[in-house]
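The following note sets out numbered points for a colleague who is reviewing the model. The sequence and structure come first, and the points follow.

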Amino acid sequence: MPTPSLPPSVPLALGDYRRDAGRHDELLDDEGRVRSHWQGLFTSLGNPRGGAIARRAIDATRRLIAENGVTYNVYADPQGTDRPWTLDPLPLLLAAGEWPTIEAGLAQRARLLDALLADLYGPQRLIAEGIVPAEIPFGHPNFLWACHGLRPASGRWLTIYAADLARGPDGGWWILSDRTQAPSGAGYALENREIVEQVLPGPLGTLGVRRIGGAFGRLRDELLRTADDDDAPLAVVLTPGPYNETYFEHAYLARRLGLALAEGSDLTVRNDTLYLKTLRGLRRVHTLLRRLDDDYCDPLELRGDSALGIPGLLGAVRAGRVRITNELGSGVLESAAWLGFLPPIAERLLGERLILPSVATWWCGERPALEYVLAHLDELVIKPAYPNQRFEPIFGAMLSTAGRAELSARLRAFPHTYVAQEYVSLSQAPVWGQGAPHALAAKAVSIRIQTHASGDGFEVVPGGLARIAPSTAANIVSTQRGGGSKDLWVLRDAPAAPAFVPAAVAPRLPRAQDDIPSRLVENLYWFGRYGARAEDKTRLLRSAVGAQGYPRLWTTAVAQCRITGLLADGDDVAQALADDQNPFGLPSDVRRLVWCAGQIRERLSAGCWAAVAAMQRLLQGSHADDEEIASGLDELALSLTALAGFALDDMTQDSGWRLLRIGRSVERLQITAMRLALHLREASIMQPAQVEWTLGTFDSLRMYRQRYVTAPRLAPMLDLLVRDADHPRSIGFLHRRLEADLARIGAEVEQSVDDRLEAPPPCPPDEDLLALEQAGAAGSERRELLASSLDELAAAAARLSDRIAARHFAHIALDARAILS
Amino acid sequence: MNGVVRYRLQHVTRYAYAAEVMISQHLLHLVPRPAPYQRCLDHSIEVTPAGHRVDGTDAFGNPIVRLEIDVPHTSLTVTSRMEVDVHARPRLPASESLPWERVADGFRYRAVPPGRDLLDAGRFRYESPHVHIKREYAEFAADCFAPGRPLLAAAEALMHKIHAEFRYEPGTTTIGTSVAEVLQERRGVCQDFAHVMIACLRSRGLAARYVSGYVRGVSSSDEGDSAPVGAGASHAWVSVWVPPFGWVDLDPTNDKPAGLDHVAIAWGRDFADVSPLRGTILGGGHHTLEVEVTVERIAIADARPGADR
C-alpha cells in the first residue's frame with residue numbers, strides 16, 4: 001500500500017502507520033486520508049514540535065500512572081509494577097454521528113438484560129416457552145437457585161452494565177460480551193480520563209469531548225436513592241480486600257463516588273438488615289456496590305467456603321432491606337451462550353429488535369448449531385459456555401487433524417458446554433509507539449462502555465476504556481489480554497464549550513459519607529502510633545550515631561536505645577538499622593507502619609506513598625559506614641516527618657483522622673515519659689553535653705536555644721519537655737491535645753465517654769524544677785520522685801491505649817467466623 | 001405386605017463451642033417435605049438457646065427454617081421431632097422404562113416449549129456445588145449403560161455397581177471430600193455414594209437429584225434382608241427421572257429402591273442444597289458436633305390404609 005498523503009493542515013507524522021485492507025481503520029479512510037473527526041486532534045498536536053508533545057505526554061502519563069500505582073500497590077512495594085493497564089495518552093476518537101446508535105443500543109441492551117434476569121429469577125417463562133434453553137442458565141455456576149423468587153428492593157436486577165464492543169471490517173459496531181455482575185473498568189476509565197486531562201489539556205478542551213464525570217455523579221445519586229424513608233441512606237463499596245488484583249479500582253471508584261470502601265468483615269447482618277461496623281457503632285447500609293463475585297457474597301446461603309462474604313446477606317435482600325448492585329445472581333448472563341438467543345428474547349420481552357448486533361455465536365447445545373460448528377471448525381473459535389470451565393479459546397484453524405478429532409469428540413460429549421464464535425477482525429487505531437515517541441503504530445482495539453440505571457431506563461456513559469491488543473498482528477478478540485488502554489473520546493456535534501447544565505435537584509442534600517469502618521479506624525490509630533514511634537526511634541538512633549567516641553554520652557545512648565527496643569543486645573548501631581529480626585527494632589516498626597499504611601491506603605494521598613516508597617528503599621539499602629548510616633537516618637527521619645505531615649494535612653479531619661492523631665499523642669507521651677525517667681536516673685544528666693544530646697534526641701535543641709539564653713541545663717530542659725504548653729514535643733502539650741481529641745471523639749461517636757489519662761502529667765513549679773539541679777542526695781531524691789511520676793504517666797498512657805482499642809475497635813475481635821455444615 | 005408404616009423420629013444436633021458465639025445464623029432442612037408416598041402427621045423443632053425463627057420454602061420446594069440467634073451462647077441444640085406415615089411404593093417394571101439415550105436426548109433444546117415434566121427434571125441435569133460432570137463418571141458407568149437399555153434397568157445396575165465396588169466406611173470422608181476422590185478411593189458414606197451416582201447419571205445427560213432423609217435401622221420390608229446401613233444419622237439417596245414413571249428413588253448405600261424404610265426430608269441438586277443444618281457463627285473458637293437420630297416404628301392406632309392418595 002502506498003504511503004497515504006496527508007492534507008497540509010495535518011503535519012503530525014504518520015510514520016510507519018499503515019492501513020490494513022482486512023480491517024477497519026479508525027484513523028484513515030479507504031483512500032488513506034485522516035478521517036475528518038481526527039483532524040482536529042491532529043491539528044492541535046501537529047506542529048513542528050509534535051514529537052516533543054508526544055514525548056512529554058508519554059512521560060507525564062508514565063509518571064502519573066506510577067504515582068497512582070504506588071498509591072494502590074499492595075504494601076507499597078517500590079518495585080511493584082503489577083498495574084493491569086498501561087495507558088497510551090493518544091485517545092481513541094469516536095465521531096459524534098456514531099454515538100447515538102451506540103448509546104441507544106447499549107441502553108436497550110441493559111433494559112433487555114435486566115428484564116431477562118427478572119424472568120430467570122422469577123417465572124422462567126422464556127424457558128417454558130422454549131425461547132431459552134434451560135441449559136444456559138441452569139448449567140451456569142452463577143445461576144443461584146437461592147436467589148430464585150427474590151424481588152430486588154429497587155425493582156431492578158441491573159444497576160451497572162458494561163459491554164465490550166468492537167468494530168468489524170465493514171465499520172459497524174458489534175457487541176463482543178456483556179458484563180452484568182460487577183463490571184470492572186469504570187475506575188480505570190475515570191483514572192485514564194483524569195490523566196489525559198492533565199497531559200493533553202488543550203485538545204480535550206477544544207475538541208468538544210463529552211465529559212464522563214457527570215454520569216458517575218448521577219450513579220452516586222442512584223445508589224443512594226432508596227425506597228425507605230431514611231434521611232441518611234448509606235451506600236458502601238464491597239471489596240474482597242487489598243490482595244485483590246483490581247483493588248486499585250475498588251478504592252478509586254469508592255473515592256470518586258464518595259462511598260465508604262468495606263470488606264465483608266466490616267459488614268454484618270442482624271435481623272435481616274445490613275450494617276457497617278463503624279466507630280459510631282452499627283450503621284445501616286442501604287446499598288451495596290459489590291466488587292465480589294455473587295456466589296461469594298453470603299457464606300450462609302451461597303458458597304459456604306467463602307470467607308469474603310457477609311453471612312445472612314441474602315436474607316436482607318429477601319426482606320427487601322438492601323439493594324445490591326448488581327443483584328446477586330446477575331452473573332448468570334456472563335456467558336457467550338446467550339448471544340445468539342438475545343434477538344428472540346428482545347422480541348419476546350421488549351417487543352423490540354436489537355439495535356446493536358452481537359458477534360456471530362453458535363451455542364452447541366442445539367443440534368443444528370453443533371452440526372454447523374463441526375462442519376466449520378476452521379472458521380470458528382471455540383469457547384467455554386460457562387466461566388467455571390477452565391480452558392482458553394481454541395482456534396479451529398490452528399488445530400491438527402488429531403486435535404480436531406479430539407475437539408469434535410468433546411463437543412459431541414457435552415455439547416451444551418461449548419459455544420463457537422466467528423473470528424472478528426478488530427479495527428485498528430493509532431498508538432504512540434515505543435521507539436520514536438511520535439511515530440504512530442497500528443494496534444487492534446475494542447472498547448468497554450458502562451451503563452447506569454437512571455430513572456426508568458439506563459444512562460450510557462459517553463466515554464470509556466479503549467483496550468489495545470498487545471501486537472499489531474493480533475486480530476482476535478480473545479487475544480487482547482495483556483494489552484494497554486486508551487481513553488475513549490466521544491466527540492460532540494459542534495466542538496463548542498459545553499453549555500452549563502444545572503444538576504438535577506437532589507431530593508435531599510447529599511450527606512458526607514463519613515461512616516468509616518472500624519477496621520479502617522483501628523489501622524489509622526496504629527498508623528499514628530507506629531509513625532510517631534518510628535520517628536522518635538530514628539532521631540534517637542541518629543543521635544546515638546553521633547555519640548560514638550564520647551564514652552559518657554555513648555553509655556547513655558546505648559541505655560536509651562535498649563529501653564526503646566532499638567537495640568536488642570550489644571551496642572552496634574549499624575546493626576539497629578539493619579536488624580529486621582528484632583521485633584522492637586526500627587525496621588520492624590517501619591514494616592508495621594507500612595502495613596498499616598497499606599490497610600488505610602484509600603485515605604492516603606500520593607505524597608504519602610512517595611514517602612513510604614522512599615522509606616522502604618532506605619531500609620533495603622546497605623549502609624557501609626557511620627557516615628552513610630547517619631545520612632540514611634536523616635533521610636528516613638525526613639520521610640517519616642513527611643509521611644506524618646501528609647497524613648495529618650491531607651486527610652479529612654473526621655473521627656478517623658482524630659484517632660490517628662490520638663495514636664501519635666499517646667505514643668509520644670509514653671515514649672517521652674519513659675525516656676525522660678531513664679535520663680533523670682543517670683548521674684551524668686547534670687552535664688551540659690548530656691542535656692544537649694538529650695534535647696537533640698527529642699528534636700528540641702533548636703527550640704531550647706530560642707527559648708533559653710542559658711547553656712543546656714537540666715531545669716530548663718524539663719521545663720521545655722515536660723511543662724511547656726506550646727512546644728509540640730512536650731508532655732504538657734501532648735497531654736492537652738490528647739484530652740481535647742478524646743473529648744471530641746466522645747462527642748463524635750455519640751458516646752458519653754469521659755476518657756482521660758489516669759495519671760496527670762507532672763507539672764512542677766519553677767523552684768521544684770531548679771531543685772532538681774541540686775547536687776548530692778537531695779537532688780537525686782527529687783529527680784527520682786519526678787522519674788517515678790513519669791513512669792506512672794507512661795503506664796497510664798499504655799492503659800489508655802488499651803481502653804481506646806476496647807471501646808472503639810471492639811468489633812474487630814468478633815471477626816473470627818466459622819462455617820458449620 | 002403392609003401398605004403403610006408409621007415412624008416417630010427424633011434428630012438432635014448439638015454444637016459445643018470453646019468460646020462464646022456472639023451471633024449465629026442457621027438454615028435448617030429438618031421439616032419433612034410432603035410427597036405422594038409420605039405424610040407428616042406432626043412436626044416440631046426446638047432450639048436452645050431460642051432464636052429468631054422464620055419458616056419458608058426454598059427454591060426446590062423444600063420447607064426451610066431460617067434461624068438467627070443473637071444472644072451469646074456456648075452451645076446450640078436443635079431437636080427435630082416428627083411423626084410420619086410412609087406408604088409402600090409400587091414395584092416398577094424396569095423393562096418398561098424408556099431407553100436411557102432417548103431420555104437424555106429428550107432433554108435436548110429444540111426451540112419448542114419443553115413441557116412441565118422436562119422443565120421440572122431439567123433443573124437436575126447440570127453441575128452443582130458438589131457434583132461435576134466429567135467423562136470419567138460417564139465411563140465408570142459405561143457397563144451399566146448398554147445401548148438401548150431401559151433407563152431404570154441401567155440406573156439400578158449403576159446402584160448395584162456402586163454398592164458392590166465401594167466400601168461403606170464412616171470417617172474416611174468429610175463434606176470437603178470431592179466426588180472424584182471418592183471415585184478414586186472407592187469408599188465413603190451414603191452422601192458420597194449418592195453424589196457419585198448423581199455424577200454418573202448427569203454425565204450421561206440424565207436428571208438426578210439428591211434426597212436427604214432418614215433410614216430405619218431395622219428393616220421393615222417383607223424381604224427380611226439385613227438391617228439398612230446409614231441409620232443413626234441423616235441418610236441420603238438418589239432420585240432419577242425415569243419416564244414414563246417419573247422420579248424413582250434408589251439407595252446405593254443399601255442397594256435397593258427407597259421404600260418403607262425411608263423417610264424423605266428434602267431434595268435438591270446435591271447435599272449443598274439440602275444440608276440438614278448449615279450455619280455461620282461469629283466467635284466460638286473450636287467446636288464439637290454431636291448428631292443423634294432415632295427412628296422408631298410405632299403402631300397405627302387408627303390406621304386408615306389407603307387414605308392418602
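1. Two residues are taken to be in contact if their C-beta atoms, placed from the backbone, lie within 7 Å. The model is predicted: local features need pLDDT of at least 70, side-chain atom pairs count only at pLDDT 80 or more, and totals for chains, interfaces and linings use all residues. Residues are numbered from 1 along each chain as its sequence is written, and chains are lettered from A and ligands numbered from 1 in the order in which they are written.

2. Domains of chain B. The domain assignment, whose bounds come from an automatic or database source, divides chain B into domain 1 (4–87 + 275–298) and domain 2 (94–273). In domain 1 of chain B, 19 residues are in contact with 19 residues of domain 2 of chain B. On the domain 1 side, β1 (4–28), β5 (73–87) and β14 (287–298) of chain B each supply at least two residues; strands here are DSSP runs (E, at least two residues) and helices likewise (H or I, at least four), numbered from the N terminus. The largest share of that side, four residues, comes from β14(B). The centres of the two domains, taken over C-alpha atoms, are separated by 25 Å.

3. Contact between the chains. Chain A contributes 35 residues and chain B 33 residues. On the side of chain A, α4 (125–128), α5 (135–138) and β20 (817–820) each supply at least two residues, and β20(A) gives the most, with four residues.

4. Nonpolar cores. A nonpolar core is a set of buried Ala, Val, Leu, Ile, Met, Phe, Trp, Tyr and Cys residues joined through C-beta atoms within 7 Å; buried means that 20 or more other C-beta atoms lie within 10 Å of the residue's own. The largest such core has 231 residues, and V236(A) and L541(A) have the most contacts inside it. Helix α14 (residues 518–547) of chain A provides the largest share of this core, 13 residues. Apart from this core lies another, of 80 residues, including Y7(B) and F124(B). Leaving aside neighbours within four places in sequence, V236(A) is in contact with L259(A), A260(A), A262(A), L276(A), V285(A) and L288(A).

5. A helix pair in chain A. The axes of α15 (residues 551–563) and α20 (residues 655–680) of chain A come within 11 Å and cross at roughly 145°; axes are lines fitted to C-alpha atoms over the stretch in contact, with angles running from 0 to 180 degrees between N-to-C directions. At this crossing, A559(A), Q560(A) and I563(A) in α15(A) meet M674(A), R675(A) and L678(A) in α20(A).

Definitions and conventions: Buried ≥ 20, exposed ≤ 12 C-beta atoms within 10 Å, placed from the backbone.
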